[in-house]
Amino acid sequence: MKPVLAEILKLRGSTSWAVAVLLPVASVVSACIFVRPDGWRLLWIRSVGFYGMALLPVGLAVLASLVWRVEHRGSNWNVLMSTPVPTWRTVVAKTAAIWLLASGMQLVLVLAVTAVGVGALGLRGAPPGLCLAAGALTAVACAPVCALQSAISAFTRSFALPVAAGLCLTGVGTTMLLAHVPGIWLLPHALVTRTTQIGALERGSATGFTVQDLTWGSAAATVGTAAILTGIVIAATTLALDRKSTRLNSSHLAESR
C-alpha cells in the first residue's frame, strides 16, 4: 500500500481530483437538462448513457496521463528506470492509483444521482440497488482500462498522445458494440462501456447495443474478464519496461566506457 499511497500523494495539487469529480457530476446534471426523469431508474440510465460511451473511458485516459506526468518531468524517468525497486511494483502502484481515482468517480456518480434525485427532482425513496451494484461493477471494469492507459502513458512523455489513444479506443469500442461485433468486450474500453449500461433493459433508452441484465452470472463474468485483462496488461507492461530499462542501462554503461 505504501507505493500506492506515494502515487496518490504525488497528485496533490494536480487536476486529477477535478476530473474525478466534475465528469460524473456533469453527466448526472446533463441527464436532467432536456427531459426530467420521473424515476430513479430513468435518472440512472440517462446519467450513464454518454458517461459510459465517452466521458468515463476518456477520463481514465486523462487520469493515467496525469499519474505518469510526474515521472516524465526532467530526469525522473531515468531515475525510475535505474531504481532497484522491481518494475512490476511500479506498474502495479501506478495502475492502482489510477484505479482508485476511477473508483472514486463511480462513487461520485452514485452520490450525484442521489443528490439530484432527492434535491432537484424530488424522487421518493432511495436509489435502487441497481445503481450501487452497477456502480461497483463499473469500478471493477475500469481496472483493465486503467492498466492499458497506464501502459500507454508509461512510454511517452506526451500528455495528449495517451488521451488521444484513449479517445480512439473508446470510439472503436463503442462503434463495435453498436455493430454487435462478437467478443469486442475483450477490448478494455468496450468492456467498461458495456458495464456502465448493465441493467438498462429498456430498449433504446440508453444505448443502441445489446446490454446485459444484472445477474450473478453477468457480474461474475465482468469481474473475471476485468481481472484477467488487467493481469495480462500489467504483465506485458512490466516485461516491456524491463526490456527498455535493460537497453538504457546498457547504453549508459557503453557511454561510461
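Analyst: Axes are lines fitted to C-alpha atoms, for helices over the stretch in contact, and angles run from 0 to 180 degrees between N-to-C directions. Helices (H or I, at least four residues) and strands (E, at least two) are DSSP runs, numbered from the N terminus. This is a predicted model, in which local features need pLDDT of at least 70 and side-chain atom pairs count only at pLDDT 80 or more, while totals for chains, interfaces and linings use all residues. Residues are numbered from 1 along each chain as its sequence is written, and side-chain values use heavy atoms, with hydrogens and water left out.

User: How many helices and strands does the chain have?

Analyst: From the N terminus on, the elements run α-α-α-α-α-α-α-α-α. The count is nine helices and zero strands.

User: At what angle do helix α6 and helix α7 pack?

Analyst: Two packed helices are described by the angle between their axes and the distance between the axes. Helix α6 covers residues 129-154 and helix α7 residues 160-178. Their axes lie 9 Å apart, and the angle is about 145°.

User: Which residues of α6 and α7 make the contact?

Analyst: Contact means heavy atoms within 4.5 Å. On the α7 side, the contact is made by Pro162, Ala165, Gly166 and Leu169. On the α6 side, the residues are Leu148, Gln149, Ile152 and Ser153.

User: How many nonpolar, polar and charged residues are in the contact of α6 with α7?

Analyst: Ala, Val, Leu, Ile, Met, Phe, Trp, Tyr, Cys and Pro count as nonpolar, Asp, Glu, Lys and Arg as charged, and the others, Gly among them, as polar. By these classes, the contact of α6 with α7 has five nonpolar, three polar and no charged residues.

User: Where do the axes of α2 and α5 cross, in terms of distance and angle?

Analyst: Helix α2 spans residues 16-30, and helix α5 spans residues 87-120. The axes of α2 and α5 come within 8 Å and cross at roughly 35°.

User: What classes do the residues of the contact of α2 with α5 divide into?

Analyst: The α2 side includes Ser16, Trp17 and Val28, and the α5 side includes Leu101, Met105 and Val116. The residues of this contact divide into 15 nonpolar, one polar and no charged.

User: Is Ser16 buried or exposed?

Analyst: Buried means under 20% relative accessible area, exposed over 50%, and partly exposed in between (1.4 Å probe, protein chains only). Leaving aside neighbours within four places in sequence, Ser16 is in contact with Leu11, Leu63, Leu66 and Leu101. Because its relative accessibility is 0%, Ser16 counts as buried.

User: Which residues are linked in a network of salt bridges?

Analyst: A salt bridge is a side-chain nitrogen of Lys or Arg within 4 Å of a carboxyl oxygen of Asp or Glu, and the structure holds two. Glu7 and Lys10, both in helix α1 (residues 2-10) and three residues apart, meet at 3.5 Å, N to O. Lys94 and Glu7 meet at 2.9 Å, N to O, and this pair links distant parts of the chain, 87 residues apart. The network is made of Glu7, Lys10 and Lys94.

User: Which of these side chains are buried or partly exposed?

Analyst: Lys10 is partly exposed, with a relative accessible area of 36%. Glu7 has 7% relative accessibility and so counts as buried. At 0% relative accessibility, the other buried residue is Lys94.

User: What share of the residues of the chain counts as buried?

Analyst: The chain has 257 residues. The buried share is 48%.
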